[in-house]
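Please open the model in your viewer and keep the selection tool at hand. The tour below goes from one selection to the next and says what is found at each stop.

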Amino acid sequence: MNEPNEKEICPLNKNCNFHFLYNSTFNNYNLPIYLCKTCGLQKLFPRPSQLEELYQKDYYHGTASFAYTDERKNYHFHSYVWNSRLKLIQKYKRQGSILEVGSSFGGFLSRAKEFGFEIQGIELSEYSCKYANSIGIPTFQGVLENAPFSKENYDIIVLNEVIEHLPNPKLSLDILTNLLKPNGLLIIQTANFDGWQAKKESSEYHYYLPGHLFYYTESVLRNAFIERGIHRMKIYYGSDISLYSKLMKSRGSFKNAIDYLRWFKTAFYHFKSKLKWKSYPLTSGFVIYGFKGGRLEEREE
Ligand SMILES: [Zn+2]
């Protein structure tokens, strides 16, 4: 894979100017991290050589050292979170077509189908893509750049902790904007490196993972949206999921009664994430909802 140069990747259509920041220390990954002085984006450099190898069976089975939780084992519990997001989406768009980028085994999209949305997934992993298609979730295997999707075709596009995996921020955001219908809704969940959690933990922050190629801040994503005509935004700190749904989902991993004590931690994080100090949120989880086109002051709520 060719390394795009600094001009070709800037999400703000400027020239990125990366300087070495530190080697990450979380889990002894020792990943070299660079910070852009122009836009505030961080990147992992050099990248793992074969991205697709990262996302094979071991990744989803939890046997890889940085694993994705296999949602199929706890479908019932995960559904609380997916339903919560879909109910919120319906406040803005009652019906229409949803594209999920990085749709994994198709769990979220199968719920979206139940809610009455038309669905489409795109997934790099052959392993999870095959599974999704086998249960009736149309999923294209590959990367956004090669996807045979029509322009202005989707009412809603969702990236749930996926944008940090994509190798070219500028190109990815350009493609996503093109795929959205006018007035379409783009939803991106990632870590906000402006949040105090990331600032405080610095090189030890647990979001520094081998598959995470770029690290975003709220301001870089806001400005990248505005740059592409996505003017209306709503930010959910922590996440856009209700506390009730988070608590219900967490039960899926509980083994005995004492595990319910973890609910205090979940609730504490949930409320803490809604607070700010010196204009920055206390935690670093966030979800940005942006509407393509339209006037700044319009609201669909
Ligand atoms: Zn930059």
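Begin by selecting helix α6, residues 126-134, in this predicted model; the helix lies across β5 and β6, and its direction makes about 155 degrees with that of β6.

Which order do its strands follow? The sheet is open and has 7 strands, in the order β6-β5-β4-β7-β8-β13-β10, and the pairing within it is mixed. At the edges stand β6 (139-141) and β10 (230-237), each of which has a single partner strand, so that one side of each is left without a neighbour in the sheet. If you look along the sheet, the twist from one strand to the next averages 15 degrees.

Now select helix α7, residues 169-179, which packs on the sheet and touches β4 (97-101), β7 (154-160), β8 (180-191), β10 and β13 (285-292). The direction of α7 makes about 140 degrees with that of β8.

From there, go on to helix α9, residues 218-227, where Glu218, Val220, Leu221, Ala224 and Phe225 are buried. Against what do the buried residues of α9 pack? Their neighbours are α7, β8, β10 and β13. After α9 comes glycine 229, and its phi is positive, near 80 degrees.

For the next stop, select two helices together, α4 (residues 75-92) and α10 (residues 243-250), whose axes come within 6 Å and cross at roughly 160 degrees. Since an angle over 145 degrees counts as roughly antiparallel, α4 and α10 are therefore roughly antiparallel to each other. Their crossing is left-handed. To display the contact itself, show Phe77, His78, Tyr80, Val81, Asn83 and Ser84 of α4 with Ser245, Lys246, Met248 and Lys249 of α10; colouring by class, you will find 4 nonpolar, 4 polar and 2 charged residues in this contact.

Finally, zoom out to the whole chain, which holds 11 helices and 13 strands. Of its 301 residues, 41% are buried. Among contacts between residues at least 6 apart in sequence, 68% join residues at least 24 apart.

Notes:
Residues are numbered from 1 along each chain as its sequence is written. This is a predicted model: local features need pLDDT of at least 70, side-chain atom pairs count only at pLDDT 80 or more; totals for chains, interfaces and linings use all residues. Two strands pair if DSSP finds at least two bridges between them. Helices (H or I, at least four residues) and strands (E, at least two) are DSSP runs, numbered from the N terminus. Axes are lines fitted to C-alpha atoms, for helices over the stretch in contact, and angles run from 0 to 180 degrees between N-to-C directions. Two residues are in contact if their C-beta atoms, placed from the backbone, lie within 7 Å. Angles under 35 degrees count as roughly parallel, over 145 as roughly antiparallel, 65 to 115 as roughly perpendicular and the rest as oblique. A crossing is left-handed if the near helix is turned anticlockwise from the far one by less than a right angle, and right-handed if clockwise. Ala, Val, Leu, Ile, Met, Phe, Trp, Tyr, Cys and Pro count as nonpolar, Asp, Glu, Lys and Arg as charged, and the others, Gly among them, as polar. A residue is buried if 20 or more other C-beta atoms lie within 10 Å of its own, exposed if 12 or fewer, and partly exposed in between; C-beta atoms are placed from the backbone.
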